[in-house]
Amino acid sequence: MIELVSESRCIQCNICVKVCPTNVFDKVPNAPPIIARQSDCQTCFMCELYCPVDALYVSPDVEPLTGINEQSLEEAKLLGSYRKNIGWAKSLTTTAKQDSTYQLLNNIK
């Protein structure tokens with residue numbers, strides 16, 4: 001479930017608002033979007049995946065957490081962690097060319 005939009009990291013691009021399939025966020029003029037309908041979150045992680053500055057935290061738990069704050073998430077390195085864990089982090093180098101299917105298809109061309 002979506003738990004936090006980081007006010008210090010958010011660049012107000014509203015990509016999270018656009019990619020959310022259940023309309024959880026509301027745009028706010030000159031401010032980060034707000035989590036307006038947290039209970040509608042399906043924990044799909046789309047917002048966290050597409051956030052270009054790792055300003056969101058989606059908990060894998062389906063119930064809202066208590067005591068969540070930006071500082072504790074920052075210290076635990078949880079902001080943007082889902083994107084990094086699935087290989088979408090900017091700092092990662094692609095390993096696709098090492099994949100056997102990629103090599104097989106490349107040889108067929």
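These notebook entries record what I looked up in this structure, which is a predicted model.

**Entry 1: the core**

I began with the largest nonpolar core, which has 16 residues. Among its members, Ile2, Cys16, Val24, Phe25, Cys47 and Leu56 touch the most others.

I next looked up the contacts of Cys47, setting aside neighbours within four places in sequence. Cys47 is in contact with Ile2, Cys16, Val19, Phe25, Leu56 and Val58.

**Entry 2: Leu4**

I located Leu4 in strand S1. Is Leu4 buried or exposed? Leu4 is buried, because its relative accessible area of 12% falls under the 20% cut-off.

I listed what Leu4 touches, not counting residues up to four places away in sequence. The list holds Ile35, Ala55, Leu56, Tyr57, Ile68, Asn69, Glu70, Leu73 and Leu79. For one of these, Glu70, I also looked up the separation from Leu4. The two residues are 66 residues apart in sequence, and their C-alpha atoms are 7.4 Å apart in space.

**Entry 3: cysteines**

I searched for disulfides and found zero in the structure. A disulfide is a covalent bond between the sulfur atoms of two cysteines.

Cys20 is buried, with a relative accessible area of 16%, whereas Cys44 is partly exposed at 33%.

**Entry 4: positive phi values**

I turned to backbone angles. Most residues other than glycine have a negative phi. Asn23 is not a glycine, yet has a positive phi of about 55°. I placed Asn23 in the loop between H1 and strand S2 (25-28). Its relative accessibility is 45%, so Asn23 counts as partly exposed.

I recorded Lys77 next: its phi is positive, near 55°, and this residue too is other than glycine. Where does Lys77 lie? I found Lys77 in the loop between helix H3 (70-75) and helix H4 (81-85). Lys77 is exposed, because its relative accessible area of 67% is over the 50% cut-off.

Methods
Residues are numbered from 1 along each chain as its sequence is written. This is a predicted model: local features need pLDDT of at least 70, side-chain atom pairs count only at pLDDT 80 or more; totals for chains, interfaces and linings use all residues. Side-chain values use heavy atoms; hydrogens and water are left out. A nonpolar core is a set of buried Ala, Val, Leu, Ile, Met, Phe, Trp, Tyr and Cys residues joined through side-chain atoms within 4.5 Å. Buried means under 20% relative accessible area, exposed over 50%, partly exposed in between (1.4 Å probe, protein chains only). Contact means heavy atoms within 4.5 Å. A disulfide is a pair of cysteine sulfur atoms within 2.5 Å. Helices (H or I, at least four residues) and strands (E, at least two) are DSSP runs, numbered from the N terminus.
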